[in-house]
Amino acid sequence: MKMENTGIEGMVLDLKPLDHSMNNIAFIRAGQWDYERVTYDFKISSAEENITYYIRIQGYALEGDVDRGDAVIKLNTPLLGKHYYPHGVEYGEKENFPESVLDRAKQQLAKAKEELEKHKQ
């Protein structure tokens with residue numbers, strides 16, 4: 001599910017402060033990158049059996065290289081996904097998300113926006 005109008009989509013940041021900011025608010029990049037794209041995930045635990053939710057923020061390099069650490073990244077619209085163990089994450093609009101998960105996602109994305117505003121170009 002696309003999380004529209006968060007203020008994050010379209011932000012442009014240098015990679016190093018972006019990584020630092022996302023780490024500060026528990027978004028993990030880990031191995032989710034290539035030379036021109038990055039993906040940050042925030043895990044939302046659930047009481048539902050074998051279900052976990054994720055907020056995903058992706059971006060792509062306008063210039064530079066992620067591997068070298070000198071990229072300038074433009075962020076896409078955040079996504080909310082539902083992970084079905086062991087099948088994977090679904091981001092479809094037809095997924096049902098509990099109100100508590102939607103509220104948590106909105107709160108975390110507001111936090112992300114506030115943190116990222118400090119470093120945007």
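1. Rings of Phe, Tyr and Trp (its six-membered ring) pair here if their centres lie within 6.5 Å; planes under 30 degrees apart are called stacked, over 60 edge-to-face, and the rest tilted. This is a predicted model, in which local features need pLDDT of at least 70 and side-chain atom pairs count only at pLDDT 80 or more, while totals for chains, interfaces and linings use all residues. Residues are numbered from 1 along each chain as its sequence is written, and side-chain values use heavy atoms, with hydrogens and water left out.

2. F27 sits in the loop between α1 and β2, and F42 in strand β2, so the pair ties together parts 15 residues apart in sequence. Helices (H or I, at least four residues) and strands (E, at least two) are DSSP runs, numbered from the N terminus. Both F27 and F42 are buried; buried means under 20% relative accessible area, exposed over 50%, and partly exposed in between (1.4 Å probe, protein chains only).

3. The rings of Y53 and F97 have centres 5.9 Å apart and planes at 55 degrees, so this pair is tilted. It links distant parts of the chain, with Y53 in strand β3 and F97 in the loop between β6 (88-90) and α2, 44 residues apart. Y53 counts as buried at 0% relative accessibility, and F97 counts as buried at 12%.

4. Which residues have the most contacts inside the largest nonpolar core? They are F27, I73 and L75, in a core of 30 residues. A nonpolar core is a set of buried Ala, Val, Leu, Ile, Met, Phe, Trp, Tyr and Cys residues joined through side-chain atoms within 4.5 Å. At least two residues of this core come from each of α1, β2, β3, β4 and α2. Helix α2 gives the most, with 6 residues. In soluble globular proteins, nonpolar side chains tend to be buried together.

5. I73 can be taken as one example from that core. Leaving aside neighbours within four places in sequence, I73 is in contact (heavy atoms within 4.5 Å) with residues including M11, V12, L13, L15, L18, V38, Y60 and V66.

6. Helix α1 covers residues 15-24, and L15, L18, S21 and M22 in it are buried. Seen down the axis of α1, the buried residues fall within an arc of 130 degrees, so they line one face of the helix; the arc is that of the directions from the helix axis to the C-beta atoms. K16 and N23, on the other side of α1, are exposed. The cover over the buried residues of α1 includes β1, β2 (37-44), β3 (51-63), β4 (72-75) and α2 (99-117). After α1 comes A26, which has a positive phi near 70 degrees.

7. Strands β2 and β3 pair in the antiparallel sense over 8 bridges; two strands pair if DSSP finds at least two bridges between them. K43 stands opposite Y54 in β3. The two strands form a hairpin with 6 residues between them, and N50 in the turn has a positive phi of about 60 degrees. β3 also pairs with β4 in the antiparallel sense, over 4 bridges. There, the bridge partner of G59 is L75 in β4.

8. I25 is in the loop between α1 and β2. Is I25 buried or exposed? At 8% relative accessibility, I25 counts as buried. Not counting residues up to four places away in sequence, I25 touches F42, Q108, K111, A112 and E115. I25 and L116 are 91 residues apart in sequence and 10 Å apart in space, C-alpha to C-alpha.

9. T6 lies in the segment before β1 (12-14) and is buried, with a relative accessible area of 17%. The T6 side chain reaches the backbone nitrogen of I8 at 3.1 Å. Not counting residues up to four places away in sequence, T6 touches P78, L109 and K113.

10. K2 is also in the segment before β1, but counts as partly exposed at 48% relative accessibility. K2 touches T77, P78, L79 and E93, not counting residues up to four places away in sequence. K2 and R56 are 54 residues apart in sequence and 9.6 Å apart in space, C-alpha to C-alpha.

Conventions: A polar contact is a pair of N or O atoms within 3.5 Å; within protein, one must be able to donate a hydrogen and the other to accept it, and residues adjacent in sequence count only if both atoms are side-chain atoms.
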